[in-house]
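Please read them with the structure open beside you.

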Amino acid sequence: MHTLLLLHSLLRWVILLLLLAAIVQSYSGMSSGRSFSSGDRKLGLFLMIAAHTTLLLGLVLWVFGAFGLSFALDNGMGVVMKNAVMRYWVVEHFAGMLIAVALITVGRGVAKKRIPDPAKFKRAFWLFLIALIIILATVPWPFRAGVGRPWI
Ligand code: HEM
């Protein structure tokens, strides 16, 4: 369980780095008019693999660990929703990250669409940017009251 948490935690940095790179690449693609390359495709693929692995690890931690389902089973959802810390782990982190990973998945799928390359870059850019904002808002950063966790 400890190893899974460490991996889940470390992968956040991989996701953030790849997501930033993908945003910069999509933006440069949008503004330069260059064509969608195999590099763009690969970056999107690695980003999606990192995101899905983190999601899977998160699901295991949420179901079998002490910071997820067990809060709801032990206390009931009524109590969970009134407690900021339990609500964060049972609902907010889960839902926020699920949405972010879905956006990354759709953003990566853009590569396979039969649309002009500038449209691919534009769609991917916005999907990845919104995913980044949601992830930044939903990670239990050390400075967050009550739910803060270490940087690594
Ligand atoms: C891109 C997606 C995600 C990122 C970047 C992310 C990030 C993090 C980080 C940084 C931590 C703190 C790790 C630590 O204490 O060292 C954490 C903990 C946790 N995450 Fe996620 N997470 C993601 C998705 C999810 C999802 C989808 C779920 C649930 C289905 C989830 C469930 C959990 C749980 C239960 C913990 C606490 C585990 C414990 O302490 O026992 N995460 N997450």
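Predicted model: local features only at pLDDT ≥ 70, side-chain atom pairs only at ≥ 80, totals over all residues.

1. By class, the residues that line the largest cavity comprise eight nonpolar, four polar and four charged ones, where Ala, Val, Leu, Ile, Met, Phe, Trp, Tyr, Cys and Pro count as nonpolar, Asp, Glu, Lys and Arg as charged, and the others, Gly among them, as polar. About 140 Å³ of space lies in this cavity, and of its 16 lining residues the closest to the centre are S26, F36, D40, A124 and F128. Helix 1, helix 2, helix 5 and helix 6 (117-138) are the elements that give two or more residues to this lining. A search of the whole structure finds one cavity of 30 Å³ or more.

2. Residues are numbered from 1 along each chain as its sequence is written, and side-chain values use heavy atoms, with hydrogens and water left out.

3. Cavities and pockets are found on a 1 Å grid over the protein atoms alone: a cavity is a set of points where a 1.4 Å probe fits but cannot get out, a pocket is an open set with protein on both sides within 12 Å along at least five of seven lines, and lining residues have an atom within 4 Å of a point. Grid points are joined across faces, edges and corners, and a volume is the space filled by probe spheres set on the points.

4. The chain has six helices and zero strands, these being DSSP runs numbered from the N terminus (helices H or I, at least four residues; strands E, at least two). Its C-alpha atoms fill a box of roughly 55 × 30 × 25 Å, taken along the principal axes.

5. About 800 Å³ of space lies in the largest pocket, and of the 32 residues that line it, L5, H8, L61, W89 and H93 are the closest to its centre. Helix 5 contributes the largest share of this lining, eight residues, and the lining divides into 23 nonpolar, seven polar and two charged residues.

6. Around the ligand itself there are 18 residues, of which H8, R12, W89, H93 and R149 are the closest; a residue counts here if one of its heavy atoms lies within 4 Å of the molecule. Helix 1 (2-32), helix 2 (38-64) and helix 5 (84-109) each supply at least two residues of this shell, and helix 2 gives the most, with six residues. The shell holds 11 nonpolar, five polar and two charged residues.

7. An N or O atom in the side chain of R149 is 2.6 Å from an oxygen atom of the ligand, an N or O atom in the side chain of H93 is 2.8 Å from a ligand nitrogen atom, and a polar side-chain atom of S9 lies 3.4 Å from a ligand oxygen atom.

8. The count of aromatic pairs comes to 11, where rings of Phe, Tyr and Trp (its six-membered ring) pair if their centres lie within 6.5 Å, with planes under 30 degrees apart called stacked, over 60 edge-to-face and the rest tilted. One of them, W13 with W141, is tilted, at 5.7 Å centre to centre and 55° between the planes. This pair links distant parts of the chain, with W13 in helix 1 and W141 in the segment after helix 6, 128 residues apart.

Notes: Polar contact = N/O pair within 3.5 Å; in protein donor to acceptor, adjacent residues only side chain to side chain.
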